[in-house]
2 protein chains.
Amino acid sequence: MKKLSTEAYKGTRDFYPEDMRLQNYIFATMKSVVEKYGYEEYTASILEESDLYRAKTGEEIVNEQTYSFIDRGGRDVTLRPEMTPTVARMVANKRKTLFFPLRWYSIPNCFRYERPQRGRLREFWQLNVDLLGTDSLFADAEIIKIAYDIMDAFGADPKTFVIKVNNRKLMNEFFKEILKLDEEKSYRLSKLIDKKSKVSEKEFTEESESLVGNQRELLDAFLKATTLDELPEIISDSKNLKELRDVMNTLNSQGVKNCIFDPTLMRGFDYYTGIVFEVFDLNPLNNRSLFGGGRYDNLVDLFGVEPVPAVGFGMGDLTMQTYLETYNLTPKLETKIDVIICMLDKQIITQAVELATVLRKNGVTVVIDYTDKKMGQKIKNADKKQIPFVVIYGPEEVARNEVTIKMMKTGKQKTIPQNQITNYFKGYN
Amino acid sequence: MKKLSTEAYKGTRDFYPEDMRLQNYIFATMKSVVEKYGYEEYTASILEESDLYRAKTGEEIVNEQTYSFIDRGGRDVTLRPEMTPTVARMVANKRKTLFFPLRWYSIPNCFRYERPQRGRLREFWQLNVDLLGTDSLFADAEIIKIAYDIMDAFGADPKTFVIKVNNRKLMNEFFKEILKLDEEKSYRLSKLIDKKSKVSEKEFTEESESLVGNQRELLDAFLKATTLDELPEIISDSKNLKELRDVMNTLNSQGVKNCIFDPTLMRGFDYYTGIVFEVFDLNPLNNRSLFGGGRYDNLVDLFGVEPVPAVGFGMGDLTMQTYLETYNLTPKLETKIDVIICMLDKQIITQAVELATVLRKNGVTVVIDYTDKKMGQKIKNADKKQIPFVVIYGPEEVARNEVTIKMMKTGKQKTIPQNQITNYFKGYN
């Protein structure tokens, strides 16, 4: 028979227990923050009908990066590349019975067919946090504050990152009202600005000139602004600019001091309608976007129901893992096993299981060693597995109602009455 | 634009927060048991190369029920229909560096293309618990005991279910040594017995006769046994029978009184090699297999490494959910939100956020209401969301360093100094 490969499918990861502990730490940290804000968990199948992504996910992803196929019943289906279309679908489905506003979160896995590289794989998990059913600017501020609080919960120093913000409405106003561009040119200009940092200055200049003609200086002045006050005078009365200022001021008053305006921040997805933001790593060796989000007020009405204003963000597990490694913030995560019971004679298995049962009922994690190895070897194995306590247990201990406990850190052994064992471990939990 | 469907893909579920709470309760209950036994969580991608399932998963699933497709790079891939091949692959991959025995668990989602019906969908989650690297019968007993303990943790009365056990080795011995069947006929007979309860007696008699000829009476006598002692005399000295007896005795001594021998229990998967078991619901309206598992000692060597003996089981979320509903064991799971802060004037947003921050730091889950609704409406909404406390907060409260708390259950309001609010909620947590 042909030898089977032991490798995970390209661009995906196997999570061995040590990897899983890190992943669980990352998820638990995310959850602890969002749940304190009253966000409730939801999820859905990774498999969705492909139509869901055709409307708003963005061409590159749908045409080149989806995992799509025809099921055995002829349905065109896709492994979700992102969660936002799903949350919009779910909200639309129960539009009439849900109590708004909704504070929802999920940590789904997503698939994109990309060239695997450091910090980017074909399968990733992504925390999605969404506040649906309110167009309040405080909601925008809350979402950004949660992003900030999660960074804080991971131990991130706010000096190591900035939160860049912009407003799609401000950009649209500038493109259409000031530069007088039509719909199509506005769209092309927004895409050009989105990739500004990836193209040469010459290419950007040429392409933008072809779109805005002799207004290129005004465009340059706009894009050069590093604060709202530096924007061209002509747009300084805009209510969309005021919105952005209000959100930034609210965040500032809540202790978020690293939030900055960036007029070149567009965000790739086509569904954003208002405030957009991105958390940027300032590390010169790793200067890049960590994650981001924004307001998307028109996504739910694609399903033919009354609009539901919404704001949210997505935070990938791989990006956060890389960030934690870069800043040495990854905690040491050890096995949760407290005790291993090593029998001197298997005749006492019933008593060993009884002992384990009592300990487990008292919150102690216990493993029983069934091997035929010698006691010395059993203790060595316990050490390799980093189990802090070994219980040495044989017919004599059983006869005397005693147990012998070896504390691995000190190597010291102690024999105590069996009915005191729960108390013994209570001291260490 | 065409109106998009709001339905989940056929045979999959949307988990709204209330569904998710139940799913999380089921997962947490499973985890609490297995983790106390020292099992460590692992996982892998849902996408695997299709070859992984061709060897041992069983023809019906691979030919008719997999979600398989060709990726953009020409690889033949499958959404996992079960987790066991993946755990075998992962163990084979690190065969030389892992410390055996391994106690591993995972709760992956799996896909099978089947006709959706009550308790069976196209996507399901399944707890997988495996003890790898030991052929000890105590390992078999531990795995079955864990299955029993999980039922117990769900509140199941042991009178409502039985654990049926059998030994594949005993069956093989009977087929080959006693009935003298060749490999192919043994396999066909095992498949026939596996579907015994689904075919008519006549069909079973005819087909079994075509396989065993004039030994049909011996076969019938074997299959009729309801205890090990009732098996035909000719096999009573079998060491495989003794194995099964030892496992059953071990379980009995550990308090598992509902474990019974069933010679017709085969389990569908081809990879089982020893003890197999199934937990059966005894409810006359729902008399069926809930879940099961067994020993599979030859799966890891498919990958060309030294064999790793293994035993484990898989427990589906849908089956357990149906079971809990049948016996009225589903707990009432409410929102985790403790408090909603309702502002009398949005000017105090900064102070409201500060108040929320203090409470969150002290473990209280707090939501802020940003709506422009009147206070009465805000309180009604809090009631609909079943939030137990409303904090009424306005400029006067801010000026006096006070907060007004309304306890929804009693309807009573109380005004207290702001610095006492944490203590106030400590009493309710």
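This is a predicted model: local features need pLDDT of at least 70, side-chain atom pairs count only at pLDDT 80 or more; totals for chains, interfaces and linings use all residues.
Student: What makes the relation between chain A and chain B that of a two-fold axis?

Tutor: Chain A is superposed on chain B by a rotation of 180 degrees, with 0.0 Å of shift along the axis and an RMSD of 0.0 Å. That is the relation of a two-fold axis. If you want to find the axis from chain A, look for A:Phe69: its C-alpha is the nearest to the axis in that chain, 3.2 Å from it.

Student: How do you know that the copies meet through the same surface?

Tutor: Look at which residues take part. Of the interface residues of chain A, 100% are also interface residues in chain B, so the copies meet through the same surface.

Student: How many residues of chain A are in contact with chain B, and which helix of chain A gives the most to that side?

Tutor: Contact here asks for C-beta atoms within 7 Å. By that test, 71 residues of chain A are in contact with 71 residues of chain B. Helix H1 of chain A, residues 17-36, gives the most to this side, with 5 residues. By type, the side of chain A that touches chain B has 31 nonpolar, 19 polar and 21 charged residues.

Student: Now for the fold of one chain. Why is chain A called more spread out than a compact globule?

Tutor: Chain A has 15 helices and 17 strands. For its 429 residues the globule rule gives 22 Å, but the radius of gyration is 28 Å, well over that value, so chain A is more spread out than a compact globule. Its C-alpha atoms fill a box of roughly 95 × 55 × 50 Å along the principal axes.

Student: Which domains is chain A divided into, and how far apart do their centres lie?

Tutor: Domain 1 covers 17-326 and domain 2 covers 339-426. Their C-alpha centres lie 53 Å apart in chain A.

Student: What makes helix H4 of chain A largely enclosed by the rest of the structure?

Tutor: A residue is buried if 20 or more other C-beta atoms lie within 10 Å of its own. In helix H4 (residues 84-93) of chain A, 9 of the 10 residues are buried, so the helix is largely enclosed by the rest of the structure. Among these buried residues are A:Thr84, A:Val87, A:Arg89 and A:Met90. Their cover includes strand E2 (47-49), helix H2 (51-54), strand E5 (102-106) and strand E7 (123-132) of chain A. For the chain as a whole, 43% of the 429 residues count as buried.

Conventions
Residues are numbered from 1 along each chain as its sequence is written. Chains are lettered from A and ligands numbered from 1 in the order in which they are written. Copies are superposed by least squares on the C-alpha atoms of residues with pLDDT of at least 70 in both. Two residues are in contact if their C-beta atoms, placed from the backbone, lie within 7 Å. Domain bounds come from an automatic or database domain assignment. Helices (H or I, at least four residues) and strands (E, at least two) are DSSP runs, numbered from the N terminus. Ala, Val, Leu, Ile, Met, Phe, Trp, Tyr, Cys and Pro count as nonpolar, Asp, Glu, Lys and Arg as charged, and the others, Gly among them, as polar. The radius of gyration is taken over C-alpha atoms; the globule rule is 2.2 Å times the number of residues to the power 0.38. A residue is buried if 20 or more other C-beta atoms lie within 10 Å of its own, exposed if 12 or fewer, and partly exposed in between; C-beta atoms are placed from the backbone.
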